Structures are given as structure tokens and as C-alpha cells.
Amino acid sequence: MGRGSSGLRRLVHEIAKFGAVGGAGLLVNLLVFNLVRHTTDLQVVRASVIATVVAIVSNYIGFRYFTYRDRDKSGRTKELTLFLLFSAVGLVIENGVLYVATYGFGWDSPLESNVFKFLGIGIATLFRFWSYRTWVFKALPAPELVASAEQIVAEAERRPRSEQRVS
């Protein structure tokens, strides 16, 4: 198998792990949403925002310690800041869909609310996957690249000093 197939295999593995954490987050999100919606007098979008925030916290733990545990761990403050920033954008996407359905079209039965909540989560998930893997949980250099760089450095150190100078 060529290098391209191992890259595809890593991406499929990453998507599966992202999906496992995301699936758990989806359940948390929908359970909290319905619990808040049916036990309080909060409006549907407010209940949804609360559920989304709880799911964001749950997902960060899952992504950091499961999906992206092998990624760069330096700069946790920056990582968490970016995670929260992109999660907030996802929150707006997710709850924007629910807001338009509820207040724009008047679709606010429990079934309709759950359908549009789920649809919003789906759209926001595409954005979150792209942004988390691109900006938040950055990949460490591939082992082949590290080994290649180490080999170049070792060869340079073995050469006599006179050959190492650059004019």
C-alpha cells in the first residue's frame, strides 16, 4: 500500500473516533435539551443553548483525551481558547437553525424542535470537525518526517566542520 492509503486510513480512523465522541455528545445534548425543555419554563432556544454548552464541555474532554490524545499538547490555553471559539461558532450555527425553525416558521412542537435541533447539530458538526482538526488539535509531524529530519541532522553532525559551513 502506498503513502496515500495510510493517510486515508488515518483520516477514517480519526473520523470514527470523532464520531464516537460526537455521538456521545449528541446524546448528552439531546438528553439535556429535552430534560431542560420539559422540566422548566425556558424557551426552546435557551434550553438548547444550555444543552449545547453541556455537550461542548463533554466533547472537549472526549476529544482531548480520546480522539486527539496523540496530538500536540503544548499550549493548552491556546487550544482551549480556540476550542471554545470554534465551539461558540458551532453553537450559533446549531441554535440558529432551531431559532429559524421555531421563530421564523413556528415549528415548535417537541418533535419539530428535536428534528431541527438534530439538523442544527449535524450542520454544526461539519464545521466543528474541520475547525477542530485544522486549528485546535494540530497534528504532530508524521513519524517519517521526524525520522528523516533526525537523519539529516545526524549526517550533518558526522561531517567535518569545514564541510558544514555555508558560504
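The axes of H2 and helix H3 (residues 76–104) come within 10 Å and cross at roughly 145 degrees. Here an axis is a line fitted to C-alpha atoms, for helices over the stretch in contact, and angles run from 0 to 180 degrees between N-to-C directions. The crossing of H2 and H3 is right-handed; a crossing gets that name if the near helix is turned clockwise from the far one by less than a right angle, and is left-handed if anticlockwise. The contact of H2 with H3 is made up of 15 nonpolar, six polar and four charged residues. In this scheme Ala, Val, Leu, Ile, Met, Phe, Trp, Tyr, Cys and Pro count as nonpolar, Asp, Glu, Lys and Arg as charged, and the others, Gly among them, as polar.

A word on the model itself: it is predicted, so local features need pLDDT of at least 70 and side-chain atom pairs count only at pLDDT 80 or more, while totals for chains, interfaces and linings use all residues. Residues are numbered from 1 along each chain as its sequence is written, and side-chain values use heavy atoms, with hydrogens and water left out.

Let us move on to the next helix pair. H3 and H4 pack at about 155 degrees, and their axes lie 8 Å apart. The two helices are therefore roughly antiparallel (angles over 145 degrees; under 35 is roughly parallel, 65 to 115 roughly perpendicular and the rest oblique). Their contact holds 18 nonpolar, six polar and four charged residues, and the crossing of H3 and H4 is right-handed.

Both pairs belong to a protein with six helices and zero strands, where helices (H or I, at least four residues) and strands (E, at least two) are DSSP runs numbered from the N terminus. Along the sequence the pattern reads α-α-α-α-α-α. Of the 167 residues, 31% count as buried, that is, under 20% relative accessible area, with exposed meaning over 50% and partly exposed in between (1.4 Å probe, protein chains only).

Leu35 is found in H1 and counts as exposed because its relative accessibility is 54%. In H2 sits Tyr60, which is buried at 13% relative accessible area. Arg64 is another residue of H2, and it is buried, with a value of 0%. Each has a partner further along the chain, as listed here.

| Pair | Apart in sequence | C-alpha to C-alpha distance |
|---|---|---|
| Leu35 and Ala51 | 16 residues | 9.1 Å |
| Tyr60 and Ser87 | 27 residues | 9.5 Å |
| Arg64 and Glu79 | 15 residues | 9.7 Å |

Finally, the second largest pocket has a volume of about 230 Å³. Of its 17 lining residues, the closest to the centre are Gly22, Leu26, Asn59, Ile121 and Thr125. Helices H1 (3–39), H2 (44–67) and H4 (110–136) are the elements that each give two or more residues to this lining. H1 gives the most, with seven residues. By class, the lining has seven nonpolar, eight polar and two charged residues. On a 1 Å grid over the protein atoms alone, a pocket is an open set of points where a 1.4 Å probe fits, with protein on both sides within 12 Å along at least five of seven lines, and lining residues have an atom within 4 Å of a point. Grid points are joined across faces, edges and corners, and the volume is the space filled by probe spheres set on the points.
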